[in-house]
Amino acid sequence: MKIESLKLYHIRLPLVTPFETSFGRIDHKECILVELYAEGLTGYGESAVERDPGYNYETTGTAWHILKDFVAPLILGQDVLDAADFQRRVKGIRGHHLAKAGVEMALWDMLGKRDGKSLKAMFGGVRHKVEVGVSIGIQESAPALVQTAEGYVAQGYNRLKIKIKPGRDVADTSAVRKAFPAIRLQVDANSAYSLETAEALKPLDDLDLLLIEQPLFEDDIWDHRKLQAQFKTPVCLDESVVSPRHARYAIEMEACRIINIKPGRVGGLSQGLEIHEMCRARDLPVWCGGMLETGVGRASNLAIASLPGFTLPGDISASDRYYQRDITNERFKLNLDSTIDVPTGPGLGITIDEQALGQFTLAKLELKSQ
Ligand code: OSB
Ligand code: MG
């Protein structure tokens, strides 16, 4: 499709409740919304960056720069055929996966609208609804955490993920396990430990957890291998897997037994699909991670999570867990069985609430082909 224009929106949405991880606390979500226009069709994508370089090195600022100065000139006025063609064009831009993935998502949305196909259909998804859970930030205290967890369980979530950090790990997780002896429970350290300090996590191995996510440094697959060897509980990698190549390294090194696929982190939906295939061929379970996406990114996450290898519940919660008002007209609701329906409309299957988008936009830029 001949790309006629690319619009960037730096947006900032208030969260219904603050979100605290080992790298910080936020009460607003910032990211970049991408809007492509070609042949009478509009496609939307989300670059799931954050304001600060805490989760990884990308920020709303770096994504804006990379998209405006490097990605846009490679696609404006160009006939971009599909996601693979897009990836070939941006190959020379090293890193900045979240930024590039936003444009790839918008392209999928446009292609789906052109062909009258949903992302799920284009990917070969096999589920109409996907199992989901909720990711709970670090709370004031262990009792406060249990109380928060109770709220989500009452809403119907049957899988909880708890954020941990040194000093706020075993006691917090044990308290939740005690309150909910049968719930599917997992923890996420967001790289807060070293192999030495991870010694403190040993008691977690007796709490019947689904997995321990990214305990060690984001660039350290080797030490995760050493740690996995000491735990019965599967280690799951998030930050460390930045490409299909890294997924292969991790699997071959036996650094993890589960992979969290965030399409943005690995450079786009096409790489997410590739990792899914690789893991499926080796019987390694995957699940879809989240970055507190707006309805745009969440629609994309639901679509990829409908693939057969996504056998563990995703970090894809209902809209009301994140935002009182979202930028999509569609709101995602939790079904009674802790699932969310996969969108069925063409492309992402969502429409933009223009008024909400206007309200949450901090900066906007339109780039057109000459
Ligand atoms: O590590 O999985 C993570 C949110 C922002 C950045 C990193 C992570 C997260 C989450 C939230 O855990 C998952 C969600 O979107 O619900
Ligand atoms: Mg994580």
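Start with the largest pocket, which holds about 860 Å³ of space. Keep in mind that this is a predicted model.

**Stop 1: the centre.** Select Gly95, His97, Val242, Ser243 and Val266. Of the 34 residues lining the largest pocket, these are the closest to its centre.

Stop 2: Now show α2 (83-89), α3 (97-115), α8 (244-252) and α9 (269-281). Each of these elements gives two or more residues to the lining of the largest pocket.

**Stop 3: colour by class.** In the lining of the largest pocket you will find nine nonpolar, 13 polar and twelve charged residues.

**Stop 4: colour by domain.** Pick out domain 1 (5-116 + 351-368) and domain 2 (121-341). Each supplies at least three residues to the lining of the largest pocket.

**Stop 5: the second largest pocket.** Move on to about 470 Å³ of space. Which residues lie nearest the centre of this second largest pocket? Select Phe19, Phe23, Ile26, Glu50 and Leu292, which belong to a lining of 28 residues.

Stop 6: Show β1 (3-21), β2 (24-38), β6 (159-163) and α11 (319-322). Each gives two or more residues to the lining of the second largest pocket.

Stop 7: Then switch to domains. Domain 1 (5-116 + 351-368) and domain 2 (121-341) each give at least three residues to the lining of the second largest pocket.

Definitions and conventions. Residues are numbered from 1 along each chain as its sequence is written. Chains are lettered from A and ligands numbered from 1 in the order in which they are written. This is a predicted model: local features need pLDDT of at least 70, side-chain atom pairs count only at pLDDT 80 or more; totals for chains, interfaces and linings use all residues. Side-chain values use heavy atoms; hydrogens and water are left out. On a 1 Å grid over the protein atoms alone, a cavity is a set of points where a 1.4 Å probe fits but cannot get out, and a pocket is an open set with protein on both sides within 12 Å along at least five of seven lines; lining residues have an atom within 4 Å of a point. Grid points are joined across faces, edges and corners, and a volume is the space filled by probe spheres set on the points. Helices (H or I, at least four residues) and strands (E, at least two) are DSSP runs, numbered from the N terminus. Ala, Val, Leu, Ile, Met, Phe, Trp, Tyr, Cys and Pro count as nonpolar, Asp, Glu, Lys and Arg as charged, and the others, Gly among them, as polar. Domain bounds come from an automatic or database domain assignment.
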